[in-house]
Each structure stands twice: as C-alpha cells, then as structure tokens.
Amino acid sequence: MLFHLSQHHLPEYTIVRNNSKKRARTQAGTLPLSHERSIHLTNVICEFIIRDLEPISFVESSKTLKKLLKEIEPSYVIPTRNYFRDNVMKKKCVEVGTELRRDTRSGMDCNFIGDHNADNIRERIHDTLIRWSVLACVVCVVTDNTNVMVKVGRDLKLGWVGCFSHLLQTVVKTGSDVPDIKVQLTNVEKTASHIRRSYKAKDDLQHAQNQLGLTPRDLVQDVETRWNSGFYMIQRFVEEEQPLLLCFINPDFLRRFKDTRIVTGIDFCTLKLLLKILEPLEEMTRDISSATTSTMSLILVFLTVVLNSLEPDLTRIDDMRIAMNSQLNKWFKESFLNKFYLLSTILDARFKHFTFVQPSSFQANGVAAKTLVDWNSNGALVLAEKFLHNEYLIMSTPAPGTTRASSPLPSPPPTSLLSRIVTKQHSVISNEYTSYLSEPEIRDNECALVWWRKNQSRCPTIAKIARKFLCIPATSTPAERVFSLSGFITNERRSRLSPDCANDIIFLNRNSHFRE
C-alpha cells in the first residue's frame with residue numbers, strides 16, 4: 001500500500017509518512033535531560049563544540065544539527081546554550097580539573113591578560129598555583145626569555161628555565177643580521193614577495209616550471225613571528241633554482257622590478273651554504289617543541305650538534321658562524337651547570353653517560369671543542385651524578401610516620417659515629433642506583449618517558465625521579481599554542497562570549513584528553 005502511494009500518489013504518501021513519524025515520536029515521548037541517553041547525546045554535542053571550536057549558540061541556530069539528532073533520536077530535545085554553558089561545561093571542567101590534579105606529570109600553561117609587569121604576572125601565577133593546590137608540586141617554571149619573564153621566573157623561586165627554542169631563534173637571528181647574509185636574505189624575501197603579489201610574475205614562474213617539466217609550486221615567504229619560516233623560504237627558493245633562473249633572464253619579468261639588483265644580487269651558492277647551517281636547527285626546533293615527548297633531556301645534546309655545525313670551514317659564511325657562536329656563548333655558557341638540564345640528561349637512558357661531549361666527537365683544537373671546555377662540559381657527568389644522588393636520597397627517605405615496604409637485611413649495629421653515618425649512606429644507595437648508572441646507553445630512539453614506563457619495575461625510585469624531571473618542557477611553545485587557540489575562540493562570531501566561558505572552552509579543548 002505504501003509503495004503504491006509512493007509511486008502514484010506522492011502528496012498522500014508524504015502526509016501518511018509525516019503522520020507516522022509524529023505518531024512514533026508521540027509514543028516515544030520526550031527524553032528528560034537526566035536520562036542516560038540524553039546525557040550521552042548532550043556530552044557528545046558538548047565535545048563537538050569544544051573540539052571543533054563551534055559557538056555555543058550552535059545548539060540553537062544550527063538546523064542541520066537539529067535534523068541530524070531527530071534522525072538519531074527523535075525523542076531527544078537539544079538543551080539551550082545556557083544549559084551547556086552553566087551546567088555541562090562547568091561539570092566537565094570540574095571533572096577534568098580533578099584528573100589533572102591526580103596526574104603528577106601535568107604541566108600548567110598560563111597566559112596573562114592585563115598590565116605586563118613582573119610583579120603582576122608573578123602574583124597571578126602564584127595565585128593560580130594556590131587555587132589549583134599545586135604550589136608544593138611545582139618542579140620548574142618555563143618562560144620565554146624577555147626581561148620581564150626572566151625576572152618573574154627567578155622571583156617565583158620555584159626553579160626557572162628559559163625557552164630553548166626562543167634562544168635558538170635568537171642565535172639564528174644574530175647570524176642572519178651579518179651584513180652579507182642579510183643582503184642575500186633581503187633579496188630573496190623581496191623576490192618571493194614580488195612573485196606572490198604579482199599574478200604576472202607568478203605566471204612567469206609557473207610557465208618556467210612547466211617548461212622544465214616540474215610541478216608548479218609557489219614560493220614561501222618569511223614571517224617574522226613564525227619560527228623557521230626563513231629556512232622554509234630559502235629551502236623553497238633553492239629547490240626552484242632552475243625555474244627562477246629562467247625568470248631572471250626573462251626581460252618581461254625583470255621589467256616589473258623597480259630595482260633589478262635585487263635579482264642579480266642573489267647568490268644560490270651562498271643560499272645552499274645557509275641551508276646546511278639552518279637545516280639541523282629547523283629539525284631541532286620541531287623536536288624540542290613537542291608537547292607529547294620528553295624534551296628537556298635533548299638540550300645539551302642539541303647544543304653540541306649546533307656547535308659542531310658552526311665549526312668554521314673557510315667559506316663565505318664564516319662570519320655568520322662566528323656571530324652565532326658568540327650568541328651561543330652568551331646564552332648557554334652555564335648550560336652544563338644547570339641542574340634541570342643535567343638531571344634530565346642523565347635520566348634519559350640514551351644520553352646518561354654524556355658520550356655526546358667526548359673529545360672524539362669534535363674536531364681537534366676546533367672552536368666547538370674549546371667552547372665545550374669553557375662551558376665545563378668535562379665535569380658535567382660528575383655533577384649530574386651528584387644531583388641524581390641527592391634526589392635519590394630524598395626519594396629513598398621515608399616520610400615521617402611511614403615505614404618502608406621492604407626492610408633491609410639485618411646487619412650488626414655500627415659502633416662509632418662515623419661507622420653509623422657510612423652505614424646509613426650505604427643502605428640508602430641500593431643496587432638500583434648503581435645498576436642504572438653502570439648500564440650502557442641505549443641506542444633506540446625512544447622517548448625517555450616511554451622507556452621509563454617499560455623499565456620502572458627495575459628501578460622504581462629512579463623512575464619517580466625521571467617522571468619528576470623529564471616532564472619539564474624545554475620550551476614555552478605549549479603556552480604559545482594556547483595563546484593562538486584563544487585567538488580562534490574570541491572572534492567576531494562570539495562577541496557576547498564572557499571571559500569565564502572563554503576560559504572554560506580553552507581549558508576543555510586543551511585538556512579533554514584526560515577524560516578519554
């Protein structure tokens with residue numbers, strides 16, 4: 001009957017179909033918000049809003065969403081935006097906050113809005129730590145290296161480390177400001193900018209690429225606020241060398257330049273030498289800025305790689321190498337005395353013996369070898385073992401009123417004061433400590449935290465120390481990502497968004513994985 005209506009009496013079939021849907025919906029009734037199915041669908045919608053950064057008004061304004069949910073669950077009524085804002089999101093914030101407090105490896109990203117002076121920022125960070133009840137758990141504060149933030153980090157007296165990537169980019173900027181290098185980079189930047197802006201110049205480049213049988217690709221432009229963008233600009237420019245050379249001998253292409261010396265002054269040989277210096281620095285910046293792996297243990301290793309790559313080789317960019325070496329010496333002279341760098345390195349099973357600073361790894365009597373001697377790298381291993389020894393003693397000492405799970409083997413009581421001191425020290429430093437340091441370095445390129453998760457049963461105390469120090473990020477990149485995220489949220493589509501609601505959205509977006 002229904003088939004006959006659908007084929008020959010479409011208007012009547014539509015009426016019957018709609019009535020049957022209404023009847024089914026009426027029979028099913030309306031699910032209350034407290035129903036298990038309603039709670040599940042509401043949480044799914046909230047997760048969709050948080051992860052995709054949709055406006056909360058989406059639940060009221062989107063006809064597509066309403067249509068979709070009618071098909072999925074006809075008896076479900078989507079709550080209002082106020083319900084999502086005041087109930088669902090607040091509850092999720094509490095749940096996620098509870099999970100974060102339980103996780104001892106958690107990091108906290110703080111972005112300050114207001115008068116940016118050291119006292120205000122320090123007080124805001126201090127109040128935030130107290131509000132979250134984590135002040136006593138803080139191991140280290142990581143900030144950028146502006147004068148204000150350096151003062152904030154030191155005044156907090158909680159342990160401070162400057163952003164490694166920021167310092168690395170400062171070194172690159174110093175090298176790029178060497179006159180001869182700056183001229184080359186300026187010429188490349190102006191050429192790339194001209195080709196990207198002018199559709200005729202872009203057509204000339206694409207024609208040259210097609211003529212050579214290459215895939216047409218645009219040039220990349222340097223963005224001052226984006227790390228490594230200068231490297232990507234030079235890399236693409238060198239990759240498109242042949243098409244660009246064809247453009248540079250094209251009279252029509254040159255006629256559009258106000259000053260043809262911009263093109264004629266470009267030296268591709270110099271650009272290729274620049275890439276040899278900048279390529280390892282770009283890879284380091286990417287690796288050290290990771291938010292999912294241990295990065296603090298990579299700093300000293302990467303510093304030795306940078307020093308090796310800046311060894312003068314009598315080429316035209318030696319002035320750049322000298323300038324970068326000078327800047328490295330300014331920022332990292334005391335790196336091999338830094339407690340956090342040393343502890344993170346010795347707790348990483350790949351680098352715990354500091355073989356990366358052995359003299360055989362460097363050119364004899366070279367600049368890198370002399371610089372490392374000046375930086376006290378020879379005594380780094382001994383100092384790192386001392387720091388680890390102290391942390392091990394702290395971790396091994398039971399808290400007042402508690403006892404150890406396993407009692408040491410009985411031994412005859414020492415007779416003298418000196419004997420008691422030596423015996424106590426020896427009993428604390430167990431085979432766990434000595435066996436870890438005596439084992440060879442591993443050769444697997446595996447995150448240190450992942451390695452410790454697999455080996456914590458062998459060295460449980462050192463595993464706790466590793467979890468304490470290896471979770472420190474080497475850069476302030478995570479906080480910068482949160483700042484960028486806030487720019488996506490506080491836009492013209494959300495002119496009525498309150499600061500508290502914006503904070504909740506950002507907080508859940510960055511931490512909702514704790515509930516998975």
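1. The side chain of Glu282 makes a polar contact with the side chain of Arg286, at 2.6 Å, where a polar contact is a pair of N or O atoms within 3.5 Å, and within protein one must be able to donate a hydrogen and the other to accept it, while residues adjacent in sequence count only if both atoms are side-chain atoms. Glu282 is found in helix α16, residues 268–288, and the helices (H or I, at least four residues) and strands (E, at least two) named in this note are DSSP runs, numbered from the N terminus. At 7% relative accessibility Glu282 counts as buried; buried means under 20% relative accessible area, exposed over 50%, and partly exposed in between, with a 1.4 Å probe and protein chains only. Leaving aside residues up to four places away in sequence, Glu282 touches Asn228, Phe231 and Tyr232, a contact being heavy atoms within 4.5 Å.

2. Please keep in mind that this is a predicted model, in which local features need pLDDT of at least 70 and side-chain atom pairs count only at pLDDT 80 or more, while totals for chains, interfaces and linings use all residues. Residues are numbered from 1 along each chain as its sequence is written, and side-chain values use heavy atoms, with hydrogens and water left out.

3. On confidence, pLDDT is the predictor's confidence in each residue, from 0 to 100; its mean for the protein is 85, and 88% of the residues reach 70 or more. Where pLDDT is low, the predicted coordinates should not be read in detail.

4. As for the whole protein, the secondary structure comes to 27 helices and two strands, and 41% of the 516 residues count as buried. Of the contacts with a separation of 6 or more, 70% are accounted for by residues 24 or more positions apart.

5. Helix α19 is largely enclosed by the rest of the structure, because seven of its eight residues are buried. These buried residues are Phe340, Tyr341, Leu342, Leu343, Ser344, Thr345 and Ile346, and what covers them includes β2, α17 (299–309), α21 (380–396), α23 (431–438) and α25 (460–469). The N-terminal end of α19 is capped by Asn338, which has a side-chain oxygen 2.9 Å from the backbone nitrogen of Phe340.

6. Helix α10 (residues 179–197) and helix α11 (residues 199–211) pack at an angle of about 100°, with their axes 5 Å apart; axes are lines fitted to C-alpha atoms, for helices over the stretch in contact, and angles run from 0 to 180 degrees between N-to-C directions. That makes α10 roughly perpendicular to α11, since angles of 65 to 115 degrees count as roughly perpendicular, under 35 as roughly parallel, over 145 as roughly antiparallel and the rest as oblique. The contact is made by His194, Ile195, Arg196 and Arg197 of α10 and by Tyr199, Ala201, Lys202 and Leu205 of α11.

7. Between these two helices, in the loop from α10 to α11, lies Ser198, which counts as buried at 17% relative accessibility. A polar atom of the Ser198 side chain lies 3.2 Å from the backbone nitrogen of Ala201.

8. The loop between α11 and α12 (229–239) also deserves a look, and Asn228 has its place there. Asn228 has a positive phi of about 70° although it is not a glycine, and at 10% relative accessibility Asn228 counts as buried. Val220 lies in the loop between α11 and α12 as well, and is partly exposed, with a relative accessible area of 26%. Val220 and Ala192 are 28 residues apart in sequence, yet 6.8 Å apart in space, C-alpha to C-alpha. Not counting residues up to four places away in sequence, Val220 touches Ala192, Arg196, Tyr232, Met233 and Arg236.

9. A positive phi of about 55° is found at Lys157, although Lys157 is not a glycine. Most residues other than glycine have a negative phi. Lys157 lies in the loop between α8 (147–156) and β2 (160–162), and is exposed, with a relative accessible area of 74%.
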